[in-house]
Amino acid sequence: MAQPDQKKFFENLSGAGKAIAVLTSGGDAQGMNAAVRAVVRVGIYVGAKVYFIHEGYQGLVDGGENIEEAKWESVSSMLQVGGTVIGSARCKEFRTHEGRRAAAQNLVLRGITNLCVIGGDGSLTGANLFREEWSGLLDELVQQGKINRESAEKYSHLNIVGMVGSIDNDFCGTDMTIGTDSALHRIIEVVDAIVTTAQSHQRTFVLEVMGRHCGYLALVSALACGADWMFIPEMPPADGWEEQMCTKLSQNRARKKRLNIIIVSEGAIDTSNKPITSEHIKNLVVKCLGFDTRVTILGHVQRGGTPSAFDRILASRMGVEAVLALLEASADTPACVVSLCGNQAVRLPLMECVQMTQEVQKAMDERRFEEAVRLRGRSFENNLNTYKLLAHRKPQSELPISSFNVAVLNVGAPAAGMNAAVRSAVRVGITEGHKIFAVNDGFEGFAKGQIKEIKWGDVGGWTGQGGSLLGTKRTLPAKHLEKIAEQMKANKINALLVIGGFEAYLGLVELLAARGKYDEFCVPIVMVPATVSNNVPGSDFSIGADTALNAITDTCDRIKQSASGTKRRVFIIETMGGYCGYLASVGGLAAGADAAYIFEEPFDIRDLQANVEHLTAKMKTSIQRGLVLRNENSNENYTTDFIYQLYSEEGKGVFDCRKNVLGHMQQGGAPSPFDRNFGTKIAAKAMLWISRKLKETYRKDEGRVFANTDDTACLLGMRRRAFVFQPVVDLKNETDFVHRIPKEQWWLKLRPLMKILAKYKTSLDVSESGQLEHVVRHRRPEESEGVPA
């Protein structure tokens with residue numbers, strides 16, 4: 001990271017005299033509008049002129065009214081709209097030299113030399129070719145007398161920055177493309193709806209999802225709904241798959257499973273590169289098993305609807321990074337694409353990503369499928385490995401023989417995605433040969449002996465269930481240590497997996513402290529963070545927080561819509577989170593809030609007054625509504641009621657106010673695809689870590705497990721670009737125990753983005769931006785502490 005004296009600040013970057021154009025091209029994807037909004041507002045914020053190019057490259061070639069200067073208000077109310085408001089179109093003319101020359105003329109006439117392209121690999125490749133030809137195109141235009149030599153010299157180079165908008169997530173170099181998460185939301189909504197009807201009639205459903213060349217949507221939705229079988233282009237089934245699949249389906253029915261779900265990517269193929277269609281699979285099941293089988297083809301439903309909170313935040317972050325990249329670009333800077341790596345926005349050379357994406361297709365065409373999976377990147381490979389671990393139950397004879405017993409428990413408040421994590425842990429544990437014990441009602445239930453063995457079939461259908469099916473309590477173990485130790489001894493528990501929030505973390509600290517007194521706690525212990533508050537130290541994300549963010553975003557959308565018929569209204573909304581302002585801040589960014597009050601950023605009456613004045617000025621524009629979020633514990637004196645009354649009084653005659661306390665609806669509901677997938681992957685990793693530690697700490701001479709070193713009690717968290725196992729002892733220094741939050745929180749860096757997009761002048765540290773990285777060819781890492789996963 002840059003040293004303090006080398007820090008770069010956003011406000012020191014000037015766009016004066018520069019013109020930026022933004023276009024969306026290719027297939028539409030939810031979240032494109034959020035990216036356009038971010039580019040427009042950040043561009044205007046730094047003093048640049050920003051232009052919309054309507055109808056993609058077609059608008060660029062046609063010029064005229066298709067190229068329109070954007071104003072701040074032009075992008076109001078588009079954050080929550082799916083598709084692309086500025087339009088997208090396939091354009092044959094841009095593929096010709098003449099078409100690109102016409103496009104260059106249209107840009108030069110308006111002084112535009114910075115182009116932000118949001119689209120797939122075809123759109124970005126076209127943009128790169130346009131950039132490479134730019135000086136030659138200008139020379140031709142001078143010769144034809146369409147522009148003068150002075151203009152050609154003034155606008156001598158074109159800067160290109162790309163953002164990938166594609167629901168298929170088929171672009172190498174980024175973990176997620178804009179629109180993928182929203183498409184997964186649509187798929188999972190359909191699966192959840194189908195589950196109830198399928199169970200009622202004992203049906204088999206074959207679901208066909210998009211992904212002609214990439215199986216990401218099918219893979220993640222299969223993980224997120226616990227599908228019985230999955231077909232994707234990157235992993236054709238082995239010969240004889242028909243019999244294997246039918247055997248598995250009939251075994252599941254024999255175990256009283258009332259439904260079967262098979263997910264098929266539209267580009268699914270067999271090992272001979274022949275298509276596997278949903279209709280073929282249906283006919284096979286009917287012919288071989290006689291099951292009542294239906295096909296559902298989701299089609300363009302996946303492209304539609306409101307963008308998810310994740311896509312809005314991803315697109316907003318990428319939009320800001322894209323403007324930064326354009327401001328810093330020079331004639332020598334290669335065209336770059338803004339990507340997501342772990343939890344970081346990075347810049348990669350556009351053509352490196354395009355070439356790698358093309359290599360994937362080449363590998364698949366040549367039937368080098370393992371290579372294709374590796375080229376897709378670590379996110380794809382991780383998902384596939386987790387699916388393989390969970391999907392196919394091995395016969396007892398093929399399982400490793402282990403004499404270890406592992407207990408799984410939920411601690412703290414319920415969080416959507418906990419059940420997906422438990423299911424994953426149980427099934428991976430059984431595959432590893434262990435006996436898995438479920439503990440009901442957290443540490444309190446542990447002390448009371450509410451423990452029983454849990455089998456593979458017991459967790460069927462758990463991924464889509466909200467809350468905690470095991471039961472969870474906030475009780476800490478300190479008062480019950482003796483009884484918990486007795487239960488661990490009685491049930492011969494050799495390892496613990498704790499899934500929960502801050503109470504779970506405190507519980508681990510207490511168990512660790514008790515190791516000196518009770519040998520029973522000298523076993524491998526690992527915690528997986530699960531809390532809507534996202535306040536656990538050692539992890540950027542917690543299971544449940546994404547579902548809560550979507551609940552907040554959906555509610556804010558509805559509230560904003562209710563104001564569309566009522567002019568000049570400000571809504572004050574209280575979110576959960578304890579002392580942690582994650583939900584208020586990131587929810588504010590996703591919902592387009594004007595302000596978000598949190599504990600971590602102290603505020604006083606002057607700040608409140610400044611916000612009221614800001615909203616008063618806003619009401620004089622065409623955007624006559626305001627949205628203010630307040631974290632529940634942001635300030636003990638400036639309560640939600642106080643802020644509501646202050647705004648009502650100060651805004652009298654200009655705007656009126658309404659308030660809304662969201663409460664426990666943020667904890668409930670079906671888990672989002674992100675939480676199902678995150679819970680499934682992180683719990684699988686935790687169980688594999690337990691297996692490794694059990695082998696390392698087993699003392700043959702004593703016939704028991706003995707683990708008392710710091711690295712045998714860990715928290716598994718997502719930090720920047722990696723899943724990392726961190727000793728709980730090491731995390732104590734990073735924790736504010738009084739307010740139950742980490743001392744440093746990554747998302748605080750996103751707060752200035754929300755303020756900038758709401759038209760506040762603010763300071764934004766961009767020291768970590770500006771480094772053009774290279775595409776890393778993913779080599780499969782060994783599973784170990786600190787290794788990216």
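A charge is taken to sit over a ring if NZ of Lys or CZ of Arg is within 6 Å of the ring centre and within 35 degrees of the ring normal. In this predicted model, local features need pLDDT of at least 70 and side-chain atom pairs count only at pLDDT 80 or more, whereas totals for chains, interfaces and linings use all residues. Residues are numbered from 1 along each chain as its sequence is written, and side-chain values use heavy atoms, with hydrogens and water left out. The charged end of Arg253 sits over the ring of Phe291, 4.2 Å from its centre, and that of Lys761 sits over the ring of Tyr45 at 4.3 Å from the centre.

Rings of Phe, Tyr and Trp (for Trp, the six-membered ring) pair if their centres lie within 6.5 Å, and planes under 30 degrees apart count as stacked, over 60 as edge-to-face and the rest as tilted; by this rule there are 22 aromatic pairs. The rings of Phe603 and Tyr638 have centres 5.8 Å apart and planes at 35 degrees, so this pair is tilted. Phe603 lies in the loop between β18 (595-597) and α20 (605-618) and Tyr638 in the loop between β19 (625-631) and α21 (640-650), so the pair ties together parts that are 35 residues apart in sequence; helices (H or I, at least four residues) and strands (E, at least two) are DSSP runs, numbered from the N terminus.

The rings of Phe674 and Phe678, with centres 5.7 Å apart and planes at 25 degrees, form a stacked pair. Both residues belong to a cluster linked by ring pairs, together with Phe310, Phe541, Tyr582, Phe723, Trp746 and Trp747.
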